[in-house]
Amino acid sequence: MTEARHALMVGHMLRLVTRFLGLLLLAGGFIALIVDGTRSIAGGTLLVTSLRSGLSDSFPALYRSLETSVQAKSASLWDPVATTLLLLPVSVALGGLGAFLIVFSHRREASNRYWRR
């Protein structure tokens, strides 16, 4: 197998893994949207799960270690930047990241067209 063919196969595999991960994240975003919608209908008011509450409820040790490690690197990075990002709804964060990965994984077609005037 030549090096060029091997590099092409690796590129295809990475695109496949990226697209699959994007689809999983997009599905997770839809599931989070359905859960928030169900909670909102049952509660009679709009209830949205933020990334902070989702992480701290699901993975409390991971959330604490993430907070301490980011604050150890830079305290100003945690307070205005990370706390603002953690206010995003889980459905928006997962869906947006999944959509980005899906769009990023598409192969660009070569522009071999010559236009006449």
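This is a predicted model: local features need pLDDT of at least 70, side-chain atom pairs count only at pLDDT 80 or more; totals for chains, interfaces and linings use all residues.
Trainee: In what order do the elements of the protein chain run from the N terminus on?
Mentor: Helices (H or I, at least four residues) and strands (E, at least two) are DSSP runs, numbered from the N terminus. The protein chain has 5 helices and 0 strands. Read from the N terminus on, the order is therefore α-α-α-α-α.

Trainee: What radius of gyration does the protein chain have?
Mentor: The radius of gyration is taken over C-alpha atoms, and the globule rule is 2.2 Å times the number of residues to the power 0.38. The C-alpha trace of the protein chain spans about 60 × 40 × 35 Å along its principal axes. A compact globule of 117 residues would have a value near 13 Å, whereas the protein chain has 20 Å.

Trainee: Which residue forms a salt bridge with arginine 39?
Mentor: A salt bridge is a side-chain nitrogen of Lys or Arg within 4 Å of a carboxyl oxygen of Asp or Glu, and a search of the whole structure finds 1. Side chains of opposite charge can pair when their charged atoms come close. The closest N and O atoms are 3.6 Å apart, and the partner of arginine 39 is aspartate 36.

Trainee: Is aspartate 36 buried or exposed?
Mentor: Buried means under 20% relative accessible area, exposed over 50%, and partly exposed in between (1.4 Å probe, protein chains only). Arginine 39, with a relative accessible area of 39%, is partly exposed. Because the relative accessible area of aspartate 36 is 5%, aspartate 36 counts as buried.

Trainee: What distance separates the C-alpha atoms of serine 91 and glycine 29?
Mentor: Serine 91 is found in helix α5 (residues 90-105) and is buried, with a relative accessible area of 14%. Contact means heavy atoms within 4.5 Å, and serine 91 touches Gly29, Ala32, Leu33 and Gly96, not counting residues up to four places away in sequence. Although serine 91 and glycine 29 are 62 residues apart along the chain, their C-alpha atoms are separated by 4.1 Å.

Trainee: Which residues is serine 40 in contact with, leaving aside its neighbours within four places in sequence?
Mentor: Serine 40 has its place in helix α1, and at 13% relative accessibility this serine counts as buried. With those sequence neighbours left aside, the contacts of serine 40 are Thr45, Leu46 and Leu47.

Definitions and conventions
Residues are numbered from 1 along each chain as its sequence is written. Side-chain values use heavy atoms; hydrogens and water are left out.
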